[in-house]
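This report describes a chain by its sheets, its helix contacts and its aromatic rings. Please keep the sequence and the 3D view open while reading.

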Amino acid sequence: MRTVIFRATALVALLCPAAAPILAQETPPAPGTPRNVELPQPHTFSLENGMDVSLVPFGAVPKVDAQLVVRAGNIDEAADQVWLADLMADLMREGTTSRSSQQISLEAARMGGGVGIGVSPDELTVSGSALAEFASDLVRLIGDLGMNPAFPESELPRLKANRIRSVAVSKSQPRSLAVEKFQGVLYPDHPYGRVFPTEEMISGYTIDQIRSFYDQHIGAARAHLFVVGRFDAQEMENVIRQTFAGWRPGTAAALNVPRPPATTRRIHVVDRPGAVQSSMYIGLPVIDPSHPDYIALAVTNTLLGGAFASRITRNIREDKGYTYSPGSTVSTRYRSGYWAEIADVTTAVTGPSLKEIFHEIDRLRSEPPPAEELKGIQNYMAGTFTLSASSRGGVLGMLRQRNLHGLPEDYHAGYVRRVHAVTPADVQRIAQTYLDPQKMVIVIVGDRAVIAEQIAPYGEIVE
């Protein structure tokens with residue numbers, strides 16, 4: 001053993017002699033001139049039943065992604081129907097009038113991909129991916145899933161039990177409780193503010209309710225099919241017309257735009273006795289992507305708290321060690337959005353964390369950021385956008401965003417240029433206009449007995 005160690009040590013010394021010079025640290029090259037991303041122009045058309053289609057030949061990898069996006073989701077639920085859309089999507093996965101769930105899975109696997117169904121506040125999505133040679137088969141399968149759900153009643157008890165467990169698990173997590181309270185305060189009496197159903201609500205849902213919800217809200221008039229990847233364009237258009245021509249139009253999308261109430265700085269506490277951390281949401285309603293200021297707001301958010309190198313993250317994570325993974329976000333829905341700083345901090349520093357977060361917001365409102373700091377943020381945003389635009393999923397996401405928010409066709413093509421056009425003065429103006437600390441809702445899930453005195457200076461504790 002000693003001989004082996006000696007020989008290994010000698011070998012290291014030979015390969016890395018002590019006298020080897022230390023290389024001088026080189027300054028990285030300056031970034032090049034930012035360039036807009038050249039996105040492929042989609043071929044778009046509409047069917048007689050109202051369904052829209054966007055076809056985007058893209059990339060060199062022989063694969064294709066497709067998404068059937070229907071303007072229906074949680075936005076269409078009544079106050080006593082929370083997650084009814086989610087349960088409907090669960091049941092849609094269980095088979096169609098011509099395919100069982102097992103047949104669907106095997107068919108997707110044969111195509112070298114998979115399919116899935118999901119629900120968001122504004123949309124239901126039937127999505128899939130496959131090898132390019134099966135592009136037409138993939139679209140047919142997605143069409144069958146979207147148009148011909150069997151809704152097998154025998155599967156409903158199991159799916160309801162799964163959803164009840166999901167709610168129980170989510171509501172055991174402090175951050176889930178924080179977002180539930182935060183969105184409830186921002187969107188009272190609106191579907192966007194109803195995050196979780198009760199167990200009794202889920203237990204009471206019937207197969208007739210699910211079928212009725214589908215019949216009322218799912219149809220061609222609300223649908224847009226996106227196909228991105230490698231495929232024969234003419235063959236794909238023919239397949240789409242054949243597959244979807246007989247789908248009933250249904251009803252037009254309901255535009256239920258919320259009007260958030262005027263907010264003031266108040267602290268909503270969800271008490272968790274003995275909690276070693278405080279989970280915080282701090283924010284207020286802001287603009288959505290259709291607003292001219294939105295990109296400047298996105299830049300401001302990234303600089304303030306939306307990136308690892310952002311100000312709030314450096315302050316309460318790197319400098320103070322109050323939290324491990326803070327971050328801010330601009331969360332958007334149709335014609336609505338909110339800004340929020342989110343952090344899980346040690347209970348003992350709940351008050352000091354609020355102090356530093358508001359300090360950084362006030363500092364940005366009182367003085368524009370240095371040009372070099374802003375330039376670094378802009379380079380980061382341009383880089384991440386460019387990476388996203390180089391994938392099929394990224395291109396699909398951009399098309400969906402443009403469709404949902406009614407954005408102009410050149411919105412993403414000019415994104416990088418518009419990001420770099422934001423000036424330090426613009427950032428200060430955005431912070432002054434949209435990030436008023438006196439209008440921010442504060443939600444804290446934590447040990448009220450321990451944190452009450454710490455947080456009292458930052459607002460009225462209302463719960």
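## Terms and basis

Two residues are in contact when they have heavy atoms within 4.5 Å of each other. Helices (H or I, at least four residues) and strands (E, at least two) are DSSP runs, numbered from the N terminus.

This is a predicted model, in which local features need pLDDT of at least 70 and side-chain atom pairs count only at pLDDT 80 or more, while totals for chains, interfaces and linings use all residues. Residues are numbered from 1 along each chain as its sequence is written, and side-chain values use heavy atoms, with hydrogens and water left out.

## Helices α10 and α11

In α10, Leu303, Leu304 and Gly305 meet Arg311, Ile312 and Thr313 of α11. The contact of α10 with α11 is made up of 3 nonpolar, 2 polar and 1 charged residues. In this count Ala, Val, Leu, Ile, Met, Phe, Trp, Tyr, Cys and Pro are nonpolar, Asp, Glu, Lys and Arg are charged, and the others, Gly among them, are polar.

Two packed helices are described by the angle between their axes and the distance between the axes. Axes are lines fitted to C-alpha atoms, for helices over the stretch in contact, and angles run from 0 to 180 degrees between N-to-C directions. Helix α10 (residues 294-306) and helix α11 (residues 311-319) pack at about 5°, and their axes are 5 Å apart. The two helices α10 and α11 are therefore roughly parallel to each other. Angles under 35 degrees count as roughly parallel, over 145 as roughly antiparallel, 65 to 115 as roughly perpendicular and the rest as oblique.

## Helices α2 and α8

At what angle do the axes of helix α2 and helix α8 cross? The axes of α2 (residues 84-92) and α8 (residues 207-217) cross at roughly 95° and come within 10 Å. Helices α2 and α8 are therefore roughly perpendicular to each other.

From α2, the residues Leu84, Ala85, Leu87, Met88, Leu91 and Met92 meet Ile207, Gln209, Ile210, Phe213 and Tyr214 of α8. The contact of α2 with α8 has 10 nonpolar residues, 1 polar residue and no charged ones.

Strands pair if DSSP finds at least two bridges between them.

Strands β1 and β2 (residues 52-57) run antiparallel and are joined by 4 bridges. Here His43 stands opposite Leu55 in β2. Strands β4 and β5 also run antiparallel, with 6 bridges between them, and Val119 has Leu124 in β5 as its bridge partner.

Is Ser120 buried or exposed, or in between? Ser120 is partly exposed, with a relative accessible area of 25%. Buried means under 20% relative accessible area, exposed over 50%, and partly exposed in between (1.4 Å probe, protein chains only). Leaving aside its neighbours within four places in sequence, Ser120 is in contact with Gly73 and Asn74.

## The sheet from β7 to β12

Another open sheet of 6 strands has the order β9-β10-β8-β11-β7-β12, with mixed pairing. Strands β9 (327-333) and β12 (460-461) stand at the edges with a single partner strand each, so one side of each is left without a neighbour in the sheet. Strands β7 (residues 266-271) and β11 (residues 441-446) run parallel and are joined by 6 bridges, and Asp271 stands opposite Gly446 in β11. Helix α6 lies across β7, β8 (277-286), β9, β10 and β11, running at about 25° to β8.

## Aromatic pairs

The structure holds 7 aromatic pairs. Rings of Phe, Tyr and Trp (its six-membered ring) pair if their centres lie within 6.5 Å; planes under 30 degrees apart count as stacked, over 60 as edge-to-face and the rest as tilted. The ring centres of Phe182 and Tyr338 are 5.2 Å apart and their planes stand at 70°, so the pair is edge-to-face. This pair links distant parts of the chain, since Phe182 is in helix α6 (residues 174-186) and Tyr338 in strand β10 (residues 336-346), 156 residues apart. Phe182 and Tyr338 are both buried.

Phe244 and Trp247 form a tilted pair, with 6.2 Å from centre to centre and 45° between the planes. Both Phe244 and Trp247 are buried.
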